[in-house]
Amino acid sequence: MIFDERNEGDYRIYAGALEAPHGQGYIAAVVVSRVQGAGSTPREAYRDDSLACGYRWLSQADALNYALRRARDVIRREAHRLHC
């Protein structure tokens with residue numbers, strides 16, 4: 001499993017590629033936390049532990065890249081999904 005963290009505007013993205021349960025490949029997971037304007041403690045705004053309905057990518061890099069793209073998409077285009 002591999003993880004990556006990135007800042008995107010007022011948010012912090014925590015993305016991961018996790019070994020798929022019961023089989024080969026990797027699933028993508030992401031947490032988006034609001035860091036700007038959230039006071040002293042970041043607040044979780046969005047979480048999906050099994051992006052793309054648990055689709056299995058063949059490589060960790062592909063799963064991680066998907067998680068990062070999905071998080072950016074939620075921040076930029078689906079602000080109504082950010083619960084904070």
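Which helix does Gly54 lie in? Gly54 belongs to helix 1, which covers residues 51–54. Welcome to this predicted model, in which an open sheet of four strands has helix 2 packed on it.

- The four strands of the open sheet follow the order 1-2-3-4, and their pairing is antiparallel.
- Strand 1 (2–8) and strand 4 (43–48) are at the edges with a single partner strand each, so one side of each has no neighbour in the sheet.
- On average, neighbouring strands of this sheet are turned by 20° against each other, direction ignored.
- Nine bridges join strand 2 (residues 11–19) to strand 3 (residues 26–34) in the antiparallel sense.
- Arg12 has Ser33 in strand 3 as its bridge partner.
- Helix 2 packs on this sheet and touches strand 1, strand 2, strand 3 and strand 4. The direction of helix 2 makes about 150° with that of strand 2.

**Around Gly54**

- Gly54 has 23% relative accessibility, so Gly54 counts as partly exposed.
- Twelve residues separate Gly54 from Pro42 along the chain, and their C-alpha atoms are separated by 27 Å.

- Arg76 and Glu8 form a salt bridge, with their closest N and O atoms 2.6 Å apart.
- This pair links distant parts of the chain, as Arg76 sits in helix 2 and Glu8 in strand 1, 68 residues apart.
- Arg76 is exposed, with a relative accessible area of 58%, whereas Glu8 counts as buried at 15% relative accessibility.

**A salt-bridge network**

- Arg70 is part of helix 2, which spans residues 60–77. Because its relative accessibility is 16%, Arg70 counts as buried.
- Beyond its neighbours within four places in sequence, Arg70 is in contact with Tyr46, Leu51, Glu78 and Arg81.
- Arg70 also forms a salt bridge with Glu78, where the closest N and O atoms are 2.9 Å apart. Glu78 is buried too, with a relative accessible area of 18%.
- In another salt bridge, the closest N and O atoms of Asp73 and Arg77 are 3.3 Å apart. Both residues lie in helix 2, four residues apart, which is about one turn of the helix.
- Asp73 counts as partly exposed at 22% relative accessibility, while Arg77 is exposed with a relative accessible area of 68%.
- Through salt bridges that share partners, Arg70, Asp73, Arg77 and Glu78 are joined into one network.

Terms used. Residues numbered from 1 in each chain as written. Predicted model: local features only at pLDDT ≥ 70, side-chain atom pairs only at ≥ 80, totals over all residues. Heavy atoms only, no water. Helix = DSSP H or I, 4+ residues; strand = E, 2+ residues; numbered from the N terminus. Buried < 20%, exposed > 50% of the residue type's maximum accessible area, 1.4 Å probe, protein only. Contact = heavy atoms within 4.5 Å. Pairing = 2+ DSSP bridges. Axes fitted to C-alpha atoms, helices over the stretch in contact; angles between N-to-C directions. Salt bridge = Lys/Arg side-chain N within 4 Å of Asp/Glu carboxyl O.
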